[in-house]
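Please open the model in your viewer and keep the selection tool at hand. The tour goes from one selection to the next, with a short account of what is found at each stop.

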Amino acid sequence: MPEIVHKTDVEAEKPQLQRPPMYHVVMLNDDYTPMDFVIEIMVRFFHKSEDTANKLMLQIHHQGRARCGLFAREIAETKINQVETASRTSGHPLRCVLERESGDQ
Ligand code: TYC
């Protein structure tokens, strides 16, 4: 027989607005990865136009980092793996990190 579980007042009043958090893939600057390679990666894995990819690459070069896309956690982790595998295969140290969305910025 299924047991009836009564919600506390607090649980009953909690609005059911939960959704899984999303994550930014943040690309980092380094001194060695060629600019053209970074642009290629942005086009290939983040579906950026050449123009947007060029702007993002320069933003990273000058400011140290830029967000390249917002994804569910598993997708974001896969993107990072794809970028880093392609980079290592080509002998470059390009890196990305995850950043949990916060609503600000
Ligand atoms: N700083 C690199 C250079 O001068 C270019 C670069 C841009 C590297 C963006 C990584 O995410 C990056 N060749």
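Begin by selecting the ligand together with the residues around it, which are M27, L28, N29, D30, T33, M35, V38, M57, I60, H61 and L94. Keep in mind throughout that this is a predicted model. Sorted by class, this shell around the ligand is made up of seven nonpolar, three polar and one charged residues.

Now show the nitrogen atoms of the ligand and look at D30, where a polar backbone atom lies 2.7 Å from a nitrogen atom of the ligand. Move on to T33, which also brings its backbone to the ligand, with an N or O atom 2.9 Å from a ligand nitrogen. If you switch to a surface view, how much of the ligand does the protein bury? Taken alone, the ligand exposes 350 Å², and the protein buries 89% of that area.

Select F46 and F71, whose ring centres are 6.2 Å apart and whose planes stand at 40 degrees, so the pair counts as tilted. Because F46 belongs to helix α2 (residues 35-46) and F71 to strand β2 (residues 65-72), the pair ties together parts that are 25 residues apart in sequence. Are these two residues buried or exposed? Both F46 and F71 are buried.

Then select H47, whose place is in the loop between α2 and α3. Although H47 is not a glycine, it has a positive phi of about 55 degrees. With a relative accessibility of 65%, H47 counts as exposed, whereas F46 is buried.

For the last stop, select Y23 and R73 and turn the view until you look onto the ring of Y23. R73 lies over the face of this ring, at 5.0 Å from the ring centre.

Conventions
Residues are numbered from 1 along each chain as its sequence is written. This is a predicted model: local features need pLDDT of at least 70, side-chain atom pairs count only at pLDDT 80 or more; totals for chains, interfaces and linings use all residues. Side-chain values use heavy atoms; hydrogens and water are left out. Rings of Phe, Tyr and Trp (its six-membered ring) pair if their centres lie within 6.5 Å; planes under 30 degrees apart count as stacked, over 60 as edge-to-face and the rest as tilted. Helices (H or I, at least four residues) and strands (E, at least two) are DSSP runs, numbered from the N terminus. Buried means under 20% relative accessible area, exposed over 50%, partly exposed in between (1.4 Å probe, protein chains only). A charge sits over a ring if NZ of Lys or CZ of Arg is within 6 Å of the ring centre and within 35 degrees of the ring normal. A residue is near a molecule or strand if one of its heavy atoms lies within 4 Å of it. A polar contact is a pair of N or O atoms within 3.5 Å; within protein, one must be able to donate a hydrogen and the other to accept it, and residues adjacent in sequence count only if both atoms are side-chain atoms. Accessible areas come from the Shrake-Rupley method with a 1.4 Å probe; for residues, only the protein chains shown count as cover. Ala, Val, Leu, Ile, Met, Phe, Trp, Tyr, Cys and Pro count as nonpolar, Asp, Glu, Lys and Arg as charged, and the others, Gly among them, as polar.
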